[in-house]
Amino acid sequence: MKQLLPILILFGAAQAQTVVNIRSVPSEADVFLDSIEIGKTPIDTIKIDTGRHTLKFEKKGFVQSEGEVVIAAAKQLDIDVRLVPLHSVFFRTDEEDLVFEWDGKHKWTHSSITFEMQEGIHTLRVFRNRNQVEERLVKITRPMTMEYALPPDSARMDSLDISNISIEE
């Protein structure tokens with residue numbers, strides 16, 4: 001009986017597994033489970049240990065998607081993910097001495113630049129001499145060219161000469 005007890009303990013400590021089906025839109029995305037590539041979507045009937053895991057999806061032309069999932073003991077679990085497209089944006093302007101800021105993260109001063117941006121609504125802020133002169137929302141739904149010009153009011157206010165204005169009391 002002494003030899004049977006350790007075998008029972010080892011058997012009882014085995015990790016429970018759940019059958020998982022993983023799909024993405026679009027399909028053919030590379031899937032990583034805890035940093036190990038497990039295949040391309042769709043992945044059907046893969047057994048995964050219960051507990052916390054990191055699941056990552058990668059596909060050229062789409063935003064990488066990564067998150068923590070908790071696999072609970074169940075007969076089956078379906079995981080469906082929609083990947084967000086990336087679009088090429090060509091930005092150009094004839095304006096001078098401006099600083100552009102995209103979504104509060106990316107800044108540039110070049111008169112033309114091309115970048116990949118995820119589909120959705122983004123914020124463009126424009127600065128001159130460290131003062132914000134404009135903010136606008138930009139909706140990206142496809143590859144696009146963005147021709148930027150300051151609004152007429154911004155350009156006029158920015159160049160207004162106040163050195164000879166007197167204030168009456």
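Trainee: Which residues does glutamate 134 touch, not counting residues up to four places away in sequence?

Mentor: The model in view is a predicted one. A touch here requires heavy atoms within 4.5 Å. With residues up to four places away in sequence left out, the partners of glutamate 134 are Leu124, Arg125, Val126, Tyr148, Ala149 and Pro151.

Trainee: In which strand is glutamate 134 found?

Mentor: The chain holds 2 helices and 14 strands. Glutamate 134 lies within residues 131-140, and that stretch is strand 13.

Trainee: Is glutamate 134 buried or exposed?

Mentor: Buried means under 20% relative accessible area. Glutamate 134 has a relative accessibility of 12%, so this residue counts as buried.

Trainee: What is the length of the polar contact that joins the side chains of glutamate 134 and tyrosine 148?

Mentor: A polar contact is a pair of N or O atoms within 3.5 Å. For the side chains of glutamate 134 and tyrosine 148, the polar contact is 2.4 Å.

Trainee: How many Å apart in space are glutamate 134 and phenylalanine 100, C-alpha to C-alpha?

Mentor: In sequence, the two residues are separated by 34 residues. In space, the C-alpha to C-alpha distance between glutamate 134 and phenylalanine 100 is 9.7 Å.

Trainee: What percentage of the residues in the chain is buried?

Mentor: Glutamate 134 is one of the buried residues. The chain has 169 residues, and the buried share of them is 28%.

Conventions: Residues are numbered from 1 along each chain as its sequence is written. This is a predicted model: local features need pLDDT of at least 70, side-chain atom pairs count only at pLDDT 80 or more; totals for chains, interfaces and linings use all residues. Side-chain values use heavy atoms; hydrogens and water are left out. Helices (H or I, at least four residues) and strands (E, at least two) are DSSP runs, numbered from the N terminus. Buried means under 20% relative accessible area, exposed over 50%, partly exposed in between (1.4 Å probe, protein chains only). A polar contact is a pair of N or O atoms within 3.5 Å; within protein, one must be able to donate a hydrogen and the other to accept it, and residues adjacent in sequence count only if both atoms are side-chain atoms.
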